[in-house]
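The sequence and structure come before the discussion.

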Amino acid sequence: MKDKIAEKLLLFIAFSAILSLLLITFFIFQQGIPLIFKVGLSNFFSTHWAPTRGNFGILSMIIGSLMVTAGALVVGIPFGLACAIFLAEFSSPPIQKTLKPIIELLAGIPSVVYGFIGIVILVPFIREHFGGPGFSVLAASIILGIMILPTIVSISYDALLAVPNTYREGSYAVGATKWQTVVMLLLPAARSGIVAGIILGMGRAIGETMAVIMIAGNALKIPHSMLDSVRTLTSTLALELGYATGDHRAALFACGSFLFLIIILLNIIAIKITGRK
Amino acid sequence: MIKVSIKNLNLFYNKVQALKNISLDIEKNEILGVIGPANSGKSSLLRAINRLSENDYARLSGTIILDDTDIFTIPINDLRRRVGLIFATPVVLPGSIHKNMSYGPKLHRRFKGSELDEIIFNALSAANLWKEVKDRLKDSASTLSGGQQQRLCIARTLAMDPEVIMMDEPCSGLDPISTAKIEATMFELKEKYTFILVTNNTKQAARVANKTAFFLAGELIEIDKTEKIFTNPADSRTDGYIRGKFG
Amino acid sequence: MTFRIGPRTNQIIAYSILLLMTLITVVVLFFIIGYVFKNGIGQLSLEFLTDKTRDMGKEGGILPSILGTFFVTIFAIIIATPLGVGSAVYLVEYTKGGLIHRIISFGADCLAGVPSIIFGLFGFIFFVIKLNLGWSIISGGLTLAVMIIPTIIRTTEEAIKAVPHSFREISYSLGGGKLDTILKVVLPTSLPGILTGVILGIGRAVGETAAVIFTAGSSLGIPTSAFSSTRTLAVHFYILAREGISMPKAYATATVLIIIILLVNFIAYRLMHRFMAKYY
C-alpha cells in the first residue's frame with residue numbers, strides 16, 4: 001500500500017519541473033501579451049522605445065541581442081570546438097581529467113564577475129586601442145563568447161566521445177592521421193551533438209543579462225559598428241523592471257515573453273536534435 | 001510431502017515464450033536440480049516462483065502452489081521472504097557484512113536486544129562463514145573473496161528464515177574449493193529447507209540433487225530421480241545433453 | 001609550382017592550433033580568478049566578513065550579504081532538493097520511456113535552458129506581487145529553487161542510473177518492496193552523486209544575480225525573518241561595481257564570491273569522482 005502512495009506522491013513531485021515551466025509561461029505571457037494586442041505589432045516591433053510615452057518598440061533591442069549573440073558565437077564556436085576536439089581526441093586521460101573540470105569551472109563563475117572583468121580590463125583596452133566608448137558590441141561579444149564556452153565544450157565533447165571507437169580504428173587502419181580522422185569522420189559523426197551545443201550556447205548568450213548590462217553601454221539605438229554601445233532585450237528588462245509601473249511594466253513583460261519564446265524555441269530545437277528520450 | 005507444486009505454467013516476455021506449459025512438484029527437504037542449456041527457461045522458472053518476473057514485465061499463466069496456497073494470493077513481500085533466491089554472481093550490497101545480513105530481516109519486522117545478532121550468528125554459521133568473518137562484521141562486504149561473498153549471499157537469505165531456497169547457478173563464477181564448500185553447505189541445510197538448484201554444470205546436479213529436471217527451449221523434457229536421469233534417461237535429448245552432445 | 005602540405009605536417013599544425021586555443025581558454029580562466037584575487041585578497045579581513053555594511057558599501061563589511069546569501073540559498077536548496085530528487089527517482093525507477101517520461105524530461109531540459117532574468121521576471125510577478133511575499137528571502141529562495149531544480153534532477157538521475165540493477169534485484173529477492181529498495185538501497189548508494197547535484201545547485205544560487213535582485217531585493221539590513229528583504233553577495237558586488245561605489249570593496253566581495261564558487265566546484269568534483277570510480 002505504501003508503495004502505491006509513494007508512487008503517486010513521486011509522480012506529483014516529478015511534474016514540478018514542467019509545472020514550473022508552465023507557471024513561468026503563464027505569468028509572463030499574462031502580464032505581457034495583452035499589451036502587444038493593445039498597442040499593435042507595428043508599435044511593438046518599431047525602433048522607438050519610450051514606454052512612459054506610449055512607444056513600445058523593441059526592434060533596436062532585438063537587433064542588439066542578435067548582434068552580441070552573433071559576436072559571442074564567433075568567439076565561442078572556434079574556441080569551444082577547439083577545446084572539445086583537443087580534450088576528446090588529442091589528450092591523454094590524465095590531461096582530460098585536469099582540463100575538463102577547469103573548463104567547466106568557467107560555467108561556475110558568476111556572470112557579474114565576467115561583467116566586472118569586462119569593465120576593468122576589456123572596456124578600457126578597447127577604448128584605448130580601437131577607440132569609441134569601450135562599452136560596446138565587441139566587449140559584450142568577447143565576454144559572452146567566453147561565457148558560452150563551457151556549454152559548447154561539454155556538449156561537443158560528449159558528442160565526440162559518443163562516436164564508437166571502431167570508427168577511429170577503421171580510419172587509422174587505412175592510414176589516416178588523427179586530424180584527418182577528426183575532420184573527415186568524427187566531426188560529421190558528432191555533428192548533431194555539436195549543433196545542439198552551439199544552439200544551447202546561443203540560448204545562453206541571448207539570455208545573459210548582468211554581464212551584458214555592465215559592459216555593453218546600453219544606449220538605445222541600433223549600433224552601426226562593433227565599437228558602438230548596444231542595448232539588448234535582457235538589459236532593458238533588468239535596467240527598468242525595478243521602477244516600471246503600468247504599461248511600462250507590461251511592456252517589459254511583453255519583451256520578456258518575446259525573449260522567452262525565442263529561448264524555448266532554441267531549447268526545443270536542441271532537444272529534438274540530440275533526440276534524447 | 002509436496003512443498004511447491006507447479007501446474008501448466010507459461011511465461012512470456014513480450015512475444016517470446018520462455019516457459020511452455022511446465023508442470024512439476026518439488027518435495028519438501030529435497031534438492032531439485034534443474035539442468036539444461038542456456039535460454040532453456042531455467043532462470044525464468046526461478047524468477048516466476050518468487051514473482052521476480054513481474055519486475056521484468058513478464059506475462060504468466062498457470063498456477064504455482066506453495067504449501068497449499070496459490071503464490072499469487074500471498075503478499076509479495078511474504079512470498080519472497082519464504083522463497084529465497086541466490087543469484088549466479090554474488091552481489092553484496094554496499095556497506096558492512098553486518099549491514100548485508102540485517103537488511104532482509106529488518107525489512108520484515110523490528111528486533112529487540114540481541115535478537116538480530118543471534119539471527120546473524122545462526123545464518124552465518126549455517127552458511128559456514130561465521131569463523132571467517134566473526135571479527136570483521138563491520139568491514140565492507142566487498143572486501144570478501146568471491147566464494148565468501150557467495151556464502152554471504154546464502155547466509156543473507158538464511159537470515160530471512162526461508163522455507164525454499166532457489167539458487168541460480170550459484171557456483172558458476174567460483175573455484176572448485178569454494179564450490180565444494182557451498183555444496184557441503186547445501187547438504188547440511190537440506191534437513192531444514194527445500195532447494196531448487198539451477199546449474200549448467202551437470203556434474204554438480206549429479207553430486208547434490210535428489211531429483212533432476214531437464215529443460216530445453218522452455219519445455220520440461222523430463223524429471224526423475226537423479227540416478228535415473230544420469231544413468232537411464234527416458235528421453236534421448238536428455239541423454240544427448242548429459243553426454244555433452246549439445247548445450 | 002604548387003606547394004602542398006603533407007598530412008603529417010597538417011596534423012602538426014592542427015594540433016598546435018588546438019593546443020594553443022585550449023591553452024588560451026585555460027589562461028583566460030586563471031587570469032580572471034587571479035586578477036580578482038590579486039586585487040581582492042589584500043582587502044580581506046575577518047572584520048570585512050563580520051562587519052555591517054556602512055555608507056552603501058563604501059565602508060564596513062559584508063556581513064548582511066553573507067547572511068542574505070546563506071539564507072536565500074538554504075531556502076532554495078530545502079525546496080529544490082526533495083523536488084529534484086523525487087523527480088529523478090520517478091524518472092528512473094517508475095517510468096519506462098513512454099509519454100510521461102518524455103514530458104517530465106522535456107520540462108527539466110527546457111527549464112535548464114531558461115535564462116535567469118526570466119526567472120527574475122517570474123519570481124517578481126508571481127512570488128513578490130501575486131503571492132504578496134514582497135522582496136524577501138522567501139521570494140528569492142523560491143525563485144532560485146525553481147531555477148536549480150533541473151540541475152538537481154539531471155545529476156541525481158545520472159547517479160541513480162549508475163546504481164547497479166543487481167542491487168535492486170537483491171533487495172526485491174529479500175522481500176523488499178519498491179519503496180524499501182529505493183530508500184534503503186538506491187538512494188544511500190547514489191548519495192554522493194545526489195550531493196554533487198545539490199552542491200552544484202548551491203553554486204548556481206550563490207553566483208546568481210538577475211533572478212534574486214528582483215525577488216530578494218537589495219536591502220542592506222541584517223535579515224531578521226524569512227520576510228526580510230536582503231541583498232546577496234552577488235547583488236552587492238554588482239551594485240558596488242556598476243555604481244562605482246568602492247573598487248577595493250568590490251574586489252574583496254568578488255574574491256569571497258569566487259572562493260565560495262571554487263570550494264563548491266572542488267567538493268562537487270571530488271564527490272562525483274569518488275562515486276563514479278566505484279560504479280562506472
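How many nonpolar, polar and charged residues does the lining of the second largest cavity have, by class? The lining has four nonpolar, one polar and two charged residues, where Ala, Val, Leu, Ile, Met, Phe, Trp, Tyr, Cys and Pro count as nonpolar, Asp, Glu, Lys and Arg as charged, and the others, Gly among them, as polar.

## Basis of the model

This is a predicted model, in which local features need pLDDT of at least 70 and side-chain atom pairs count only at pLDDT 80 or more, while totals for chains, interfaces and linings use all residues. Residues are numbered from 1 along each chain as its sequence is written, chains are lettered from A in the order in which they are written, and side-chain values use heavy atoms, without hydrogens and water.

## Second largest cavity

About 40 Å³ of space lies in this cavity (a set of points on a 1 Å grid over the protein atoms alone where a 1.4 Å probe fits but cannot get out, with lining residues having an atom within 4 Å of a point; the volume is the space filled by probe spheres set on the points, which are joined across faces, edges and corners). Its lining consists of Leu87(A), Lys100(A), Ile103(A), Glu104(A), Pro150(A), Val153(A) and Ser154(A). Helix 5 (93-108) and helix 7 (137-162) of chain A are the elements that give two or more residues to this lining (helices are DSSP runs of H or I with at least four residues, strands runs of E with at least two, numbered from the N terminus).

## Largest cavity

Two cavities of 30 Å³ or more are counted, and the largest holds about 60 Å³ of space. Of its 13 lining residues, Leu85(B), Cys153(B), Arg156(B), Thr157(B) and Ile170(C) lie nearest the centre. Two or more lining residues come from each of strand 6 (83-86) and helix 6 (146-158) of chain B and helix 7 (165-173) of chain C, and helix 6 of chain B gives the most, with four residues. By class, this lining has eight nonpolar, four polar and one charged residues.

Notes. 1 Å grid on protein atoms, 1.4 Å probe; cavity = no way out; pocket = protein on both sides within 12 Å on 5 of 7 lines; lining within 4 Å.
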